[in-house]
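Subject: Structure handover

Hi,

Here is the structure I promised to pass on to you. Have a look at it first, then read my notes below.

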Amino acid sequence: MLTLHAHRAPYLPAAGQHSKSRWNGWRTRLSNVQAVHRNHLPEGYISMDTLASTPKPNGRALRAGDSEDLAEKRPSRAEAEEAVRTLIAWAGDDPSREGLADTPSRVVEAYEEFFAGYDADPYDILSRTFEDVQGYDDLVMLRDIRIESHCEHHMLPIVGVVHIAYLPRDRVVGISKLARAVDIYAKRLQTQETMTAQIAGAIDEVLQPRGVAVMIDALHECMTTRGVHKPGTTTITTRFTGVFKDDPAYRDRFLQLANGMRAVTVR
Ligand SMILES: [Zn+2]
């Protein structure tokens, strides 16, 4: 919610333009306020709700570089470390004790790794396509691409695998580029549903294949280590476009390959 406030506040009218009660209540009625004032938003403004809850029209997710306002609001490293100290104290420990002295710095470094996807663009990666495929016109499928992501609700790990297939029209992409694009989406705060749609959307838009199929099978630590405590429960999400959506034979072939026996045993 802090980011929401930070992002929205500059676009909200001055307090005097509202009745006092509406102004005082705006934090709890952000959506109402936004609805009332939507017509006053600057051209090109995209609400944080839209950015957070849906795949972008072009499949791109929020990045620091997407908005100068967000980039300006990005806290310093020292502020981030201070926030970790606050959480340690909130947990009930003493952030200044010896064993915890370097923890904020380590946590911030881990965050740089966990969320490296905000600084990269999957579209750039996927744009490096190969056009000469010697007439190859059958499925290209990558199976069991490991993903490590974090849920946007609890900031806890989502760990699993992605299976991707596409039916090329005239372009193929290096298979490592597909895995790299997956990583970029994974290294952001995510929901599994959004990530599935974003991966399929980016491949669809850049390669313009005859169809794309994406399946993610992942374990959410917010399901296993807190809340309902259901270890071993995995979540499966799928997204099909083109022939995979329209033709059950292609969809079945993808599902068989995704779930079937592994021909190659070397891992
Ligand atoms: Zn969660």
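Let's start where two helices touch: R77, A80, E81, V84, R85 and I88 in α6 meet T103, P104, S105, V107 and V108 in α7. "Meet" here means contact, where the C-beta atoms of two residues, placed from the backbone, lie within 7 Å. By class, this contact of α6 with α7 has 6 nonpolar, 2 polar and 3 charged residues. Nonpolar covers Ala, Val, Leu, Ile, Met, Phe, Trp, Tyr, Cys and Pro, charged covers Asp, Glu, Lys and Arg, and the others, Gly among them, count as polar.

Before going on, a word on what you're looking at. This is a predicted model, in which local features need pLDDT of at least 70 and side-chain atom pairs count only at pLDDT 80 or more, while totals for chains, interfaces and linings use all residues. Residues are numbered from 1 along each chain as its sequence is written.

Helices (H or I, at least four residues) and strands (E, at least two) are DSSP runs, numbered from the N terminus. Helix α6 is residues 77-91 and helix α7 is residues 103-114; they pack at an angle of about 115 degrees, with axes 9 Å apart. The axes are lines fitted to C-alpha atoms, for helices over the stretch in contact, and angles run from 0 to 180 degrees between N-to-C directions. Just after α6, G92 has a positive phi of about 115 degrees.

Now the sheet. It is open, with 5 strands in the order β5-β2-β3-β6-β7 and mixed pairing. Its edge strands are β5 (189-190) and β7, each pairing on one side only. Two strands pair if DSSP finds at least two bridges between them.

- β2 (residues 140-151) runs antiparallel to β3, with 9 bridges; I147 is opposite G160 in β3.
- β3 (residues 157-167) is antiparallel to β6 over 10 bridges, and V159 faces L219 in β6.
- β6 and β7 (residues 234-240) are antiparallel too, joined by 7 bridges; A213 has F240 in β7 as its bridge partner.

Why is β6 (residues 211-220) largely enclosed by the rest of the structure? Because 8 of its 10 residues are buried, that is, 20 or more other C-beta atoms, placed from the backbone, lie within 10 Å of their own.

Finally, find helix α10 (residues 192-207): it lies across β2, β3, β5, β6 and β7, running at about 155 degrees to β6.

Cheers

Note on methods
Buried ≥ 20, exposed ≤ 12 C-beta atoms within 10 Å, placed from the backbone.
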